[in-house]
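Q: I have a structure open and some questions about how it is put together. Can we go through it piece by piece?

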Amino acid sequence: VVLVAVVVLGGGGGEDGRGGPAAPSADDRVIASELVASLPPVSGETDREQMRSLAGPPDAFTVSLETYDDGTTVRREEWFYYDLRSVYEFADGALVSNLPLDASDQLILLPVQYDPDDFQLGVPWETVSATLPDAASFSSYQLEEAYGVDATYYVGEQLLLVFDEDGLLFYLEAVPLETGEEGS
Amino acid sequence: VSRRVKMTLGALLLAFTLTSGVGVVAYQTADAFGLLGALITRTVVQTASLKDAEKRDRSNINKRRDAELAEVDLRVQAVAVQEEKGWLSAETAVRERERYDRLSEAITERAKRERQITSYQTRHRIRENIGNTFIDVVKVATGADPRAVDFLAGLLQGKKPLAAAIDAAVSGGQPVADPRQPFRDLEAQLQEVKKAAQALGGAKGIAVRARVDQMLRETTGIAEGEGEPPDDVLQRLTDLEEAAQAAVSQAGDIAKDLFPGSEGISRTRFAGEERFDQLDAAVAAEQGPLAGRVLISSLLRNALNDVEELAGDEGLTLTQDQIDAMARTAVGLWQEQRKRAADSDEVLLPFDELLRAAVNEILATGGEEPLAEESPEPSDEEDVQPPTDVVLTLEDLEVVFTGCPDPKFPDVCHYDMVITFDYVTPVVPAKLSCTGEFLSPAAERDLSFESGSTTITVSRTVLFDSSGGVAVTEQLQTRCRLLNATGAVLGGDVLVSSPVPPRSP
């Protein structure tokens, strides 16, 4: 299935139709070369930092701490740019995916008060709340028991924070909003 | 028991329960909060904050699950593509696939457990707490003055707060010592409105931000002058208000949630098309920062897609070369404005506006009519005088070869054209802009005086044909014109012939 996907999504492979990307034409090399040469100044060490220097901070984002079976942890982030209709995903700062977004036909209200750089994972609510402009306005809820996961949410002002059974932050979303009729 | 040990035990028990077919209850007893627990919770959160979540709660659990699994499949395909292009190492790709396997498990598990849930009150409350009204959201997000947020909300609702403020300023009733003072007050207010507008996103939001920024600059111009403000400037201000309103077509003032992920992924645009794949491969083959190349690739995807859509909407018949040039120019324009914004507080124009400008530029190069204006025409009573006294005269041309042939590509030649013009412009600030095929983005020079002499450097790249004898682009011309501050053409069309560069050996 993956091989088929590569062929289909990679443009059908080489000219012989037997897979593998065709070598770029000279015209395309010129276009690519010009555009890469015209990039705005890039700064930062990681892909994530470099993306920020090129495109600015994301319009919206998710940040999560994922713990793998071998005990290693990864900070994953999804950065959403609505005008560019793209989402970029990073794992410990390395770019791991880029997917296109559908265009919204509504006006979007961005959570501009938040920045992914401001959030440290693995810390309790008390630590996070000290950095929020109006932590008192947040409400907390427990995930329904039937889900079988002992998680607590704090929600307010376009931000959703989720804490694990030890009360440590492991997931957050800065939530954009659309204008329009509620429930439509 | 430490958290690490607890998680490991949980993971082991989870593996056992999944392979032995033991159901949900056994898993829950494990109380595992490893990767799967995190992913289950994450998918619950995503469901909670998706729009129309209530409708899906019980009746559409399977439908929702299937949609999410399909999206995971899309992401797995993306991993394959990224790996193929060399943008993802084989090791990372394996780990990504394993992660998506676990995400699929989590989605399936969540759907099973969700069937046991009888009340979704928590979910509803979460939704209610994410955001309330437009006013509150913008006020909290930006910290802008509440009156400015009201101003912005009124603007988006089709009211005319700017026109009302101008009316009040120019017909205050009583003669005032300083007729510009109300505009200084308005300038201060628009500073706050600009701050509030930072919360607006997407193409429509960025269009509004750009118009608000223009309103502020026009108002600053009035505030810094003396005497009664000229009618044409006031008219431009009210036109900008109309343009901002046209961009959003009256936004409702009640917000609904839009989760930034899940359902937003575009399956159709992901599948791409042959031309994008070719250009994408060329970008991937370049050297340079990965983030930059991926960003260019995303922009090219949008540009190619949008040019074709626009051509369909406008009934344009375009050659592939024209489509390529339009896409390349649009991406170049975006890059240029990002560079400018890095050194100033310039508000960026939305990508679709840049794309229209790029399409018009390439159409003009081919002597074709530009696209019709999207914004409504100025009101009937407006008396817009066509610009007069536009002069642009070629005085000198010097050619400097900077890489001919290119060290890496013997069939490519880079050179600079240093062109000197004499000019007269009826408005300032203005711009001298030079465009042409194989020239992206357009070369521009700001003009602050109504007349004078100016020099512009146009960096060009040309390509020789495969026979190595004739430069396929030797007939290219560079077209230079005068533009006003918003990019509208004032006139002064001058065509500068490209020199024939030294040919490839």
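Q: At what angle do the axes of helix H10 and helix H13 of chain B cross?
A: This is a predicted model, so every value here is computed from it. The axes of H10 (residues 161-170) and H13 (residues 231-248), both in chain B, cross at roughly 160 degrees and come within 8 Å.

Q: Roughly parallel or roughly antiparallel, then?
A: H10(B) is roughly antiparallel to H13(B), because an angle over 145 degrees counts as that.

Q: Which residues make the contact?
A: From H10(B) there are B:Pro161, B:Leu162, B:Ala163, B:Ile166 and B:Val170. H13(B) brings B:Leu234, B:Leu237, B:Thr238 and B:Glu241.

Q: And how do those sort by class?
A: The contact of H10(B) with H13(B) has seven nonpolar residues, one polar and one charged.

Q: Changing topic. Which residues touch the most others in the largest nonpolar core?
A: Those are A:Tyr153, B:Phe134, B:Leu152 and B:Leu200, in a core of 74 residues.

Q: What does B:Leu200 touch?
A: Leaving out residues up to four places away in sequence, B:Leu200 touches A:Leu107, A:Ile108, A:Leu109 and A:Leu110 in chain A. Within chain B, the residues that B:Leu200 touches are B:Phe134, B:Leu152, B:Leu156, B:Gly205, B:Ile206, B:Val208 and B:Arg209.

Q: How many residues are in the second core?
A: The second core is separate and has 66 residues, including A:Leu84, B:Ala282, B:Leu290 and B:Ile323.

Q: Where do nonpolar side chains tend to be in soluble globular proteins?
A: They tend to be buried together.

Q: Now the chains. How many helices and strands are in chain A?
A: Chain A has four helices and 10 strands. Starting at the N terminus, their order is α-α-α-β-β-β-β-β-α-β-β-β-β-β.

Q: How many in chain B?
A: Chain B has 18 helices and nine strands.

Technical notes: Residues numbered from 1 in each chain as written. Chains lettered and ligands numbered in written order. Predicted model: local features only at pLDDT ≥ 70, side-chain atom pairs only at ≥ 80, totals over all residues. Heavy atoms only, no water. Core = buried A, V, L, I, M, F, W, Y, C linked by side-chain atoms within 4.5 Å. Buried < 20%, exposed > 50% of the residue type's maximum accessible area, 1.4 Å probe, protein only. Contact = heavy atoms within 4.5 Å. Axes fitted to C-alpha atoms, helices over the stretch in contact; angles between N-to-C directions. Helix = DSSP H or I, 4+ residues; strand = E, 2+ residues; numbered from the N terminus. Parallel < 35°, antiparallel > 145°, perpendicular 65-115°, else oblique. Nonpolar A, V, L, I, M, F, W, Y, C, P; charged D, E, K, R; others polar.
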